[in-house]
Amino acid sequence: MAMVIVGMVIFALLVLVIHHWWRHRNAIIMNWPILGMLPMLLYNVPRMHDFATELMRRSGGTFEFKGPLFSGMDFIITCDPLNLQHITTTKFSNYPKGKEFREVLDVLGDGILNVDSDLWRLQRKMFQIWTRRHLNFDSFVATTLHRKVVNDLIPFLNHATETITEVDLQVTLQRMITFDNAILFIFGLDLASYSFKSPKLEYQKAFNEIQEAVFQRHILPKSYWKLQRWLQVGTERKLRIAREKFDEFIFQCISLKREQMRHTNNETNNEEANFGMLTVYMEEKEKPYSDKFLRDVAFSFLAATRDTLTAGLCWFFWLVATHPDIEIKILEEMKEKLAGNCNNLNYNFNSEELSKLVYLQAAIYETFRLYPSVPFNHRTPTKADVFPSGHHVKPKQMVLTSVYSTGRMEEVWGKDCLEFKPERWISEQGEFVYVPPHKFPAFHIGPRTCLGKDMTLIQMKVMALTILKNYHFHVVERHPVSPNLTITINMKYGLKMRISKRS
């Protein structure tokens, strides 16, 4: 008898499921009883960015996601340029980072990426003070990176060409250039000159694991990852271990910087001690900042500096390698605009010379359009609101903006929106075309526009110029290329390349 009852219950549930599916079979995403839309979200996690883009196309650019019952996962996702402008500029004060954002990204502490109001304004101000200390900041950035490339990366690439070795360009850039360069700009420390408690690679691995774990918090119910954190299991346990390891590195850097400043304080030449953004904070004597706050500042800027550059460079070199006609145009522009200095490896190109490379800049912008370094952003409104698209937003309801999807919308970029086409950024007169930031939000919009935008573009140009004029890249056959599921859009399987020298 009991088996009959169980069978009838299962049959009834099956009928209800089939009936529900039939009634909602044409819905963009099936909204199941109790589970909401979570099953489809989890099913598409491996292709999250493209799934979001498909969702945006089918919904007209804005979609209301329903999470499981009592999970607190309901949110609105949008890529509509008018909505983005509304959130980031028109109603900026109503869309702070918010408590939810700070909780998910608690690893950032009180860093600029995680705060609002006074702390946010303070860190923007400090960054601007630091950049003004250098008479020509753009040329200073270009020279610093060029020196690093010539001394470290070029010998490695030469060896790879001589031994016909496959190179994972993403790993290479992270280990040899972007991480070290970020530490140099933030702390003014050359990592090669100091020893640490653990190898540098362990700290880099910890940093990557932090990113992966934090991304998981964005797609899992809050109650689930909080339970993991309380029990210290799964990704939350990995996050704690990785955070402790990387904090060990950051606090060592802070200690080394303080020691460096003490030793050079009474010397005539203080250039070394004054180098590095954190110097501005450490010079404050009346109300000195704690090491914990310095850690938060450094962590946020490191996340923004290292990963924005790494992701941008990898996607750029992959796109150029798979579009030889565009590579030829970039090289032709270099020869035409830079004349005799083009083939001089040791020549430092200044910001004025780099600004002449319009086609190269167009190729870089086109890379960020298709593969923005930070593909999603997160806001929480303090008051109820209505988007220009007509969608109603509740107070404290999570709002996701899909920067990745905005760059792939036909309504914004035309029917060729999926093509890598630098020409779309160049006018008939050969000048660079300005696109409003709400249509090209790769560097954010409004008051929170990325402080390091110009710095990133300069570094991208220096890397592209120095490497492309000396080497040709070939993507290894059948090497899979797809975005990784982290806060920044690095490549999931790295970027395996074969390299040959140009004649």
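Entry 1: I then asked how far the sulfur of Cys450 is from the closest cysteine sulfur. The distance is 18 Å, to Cys314, which is too far for a bond. A disulfide here is a pair of cysteine sulfur atoms within 2.5 Å, and by this rule I count zero disulfides. Cys417 is likewise in no disulfide, as its nearest cysteine sulfur, in Cys79, is 11 Å away. Cys417 is buried, at a relative accessible area of 3%.

**Entry 2: basis of the values.** I note that residues are numbered from 1 along each chain as its sequence is written, and that side-chain values use heavy atoms, with hydrogens and water left out. In this predicted model, local features need pLDDT of at least 70 and side-chain atom pairs count only at pLDDT 80 or more, while totals for chains, interfaces and linings use all residues.

**Entry 3: confidence.** I looked up pLDDT, the predictor's confidence in each residue, from 0 to 100. The chain average is 87, and 91% of the residues score at least 70. Helices (H or I, at least four residues) and strands (E, at least two) are DSSP runs, numbered from the N terminus. Over residues 15-27 pLDDT stays under 50. For that stretch the model has ten contacts beyond four places in sequence, a contact being heavy atoms within 4.5 Å.

**Entry 4: strand β2.** Which residues of strand β2 (residues 75-78) point one way, and which the other? Phe75 and Ile77 point one way, Ile76 and Thr78 the other, and all are buried. Two strands pair if DSSP finds at least two bridges between them. Strand β1 (residues 62-65) pairs with β2 in the antiparallel sense over four bridges, and Glu64 has Ile76 of β2 as its bridge partner. Strand β7 (residues 398-402) runs parallel to β2, joined by four bridges; Thr401 of β7 stands opposite Thr78.

**Entry 5: helix packing.** I found helix α15 (residues 324-338) packed with helix α17 (residues 358-370) at about 145 degrees, the axes 8 Å apart. Axes are lines fitted to C-alpha atoms, for helices over the stretch in contact, and angles run from 0 to 180 degrees between N-to-C directions. Ile326, Lys329, Ile330 and Glu333 of α15 meet Val358, Tyr359, Leu360 and Ala363 of α17.

Notes: Buried < 20%, exposed > 50% of the residue type's maximum accessible area, 1.4 Å probe, protein only.
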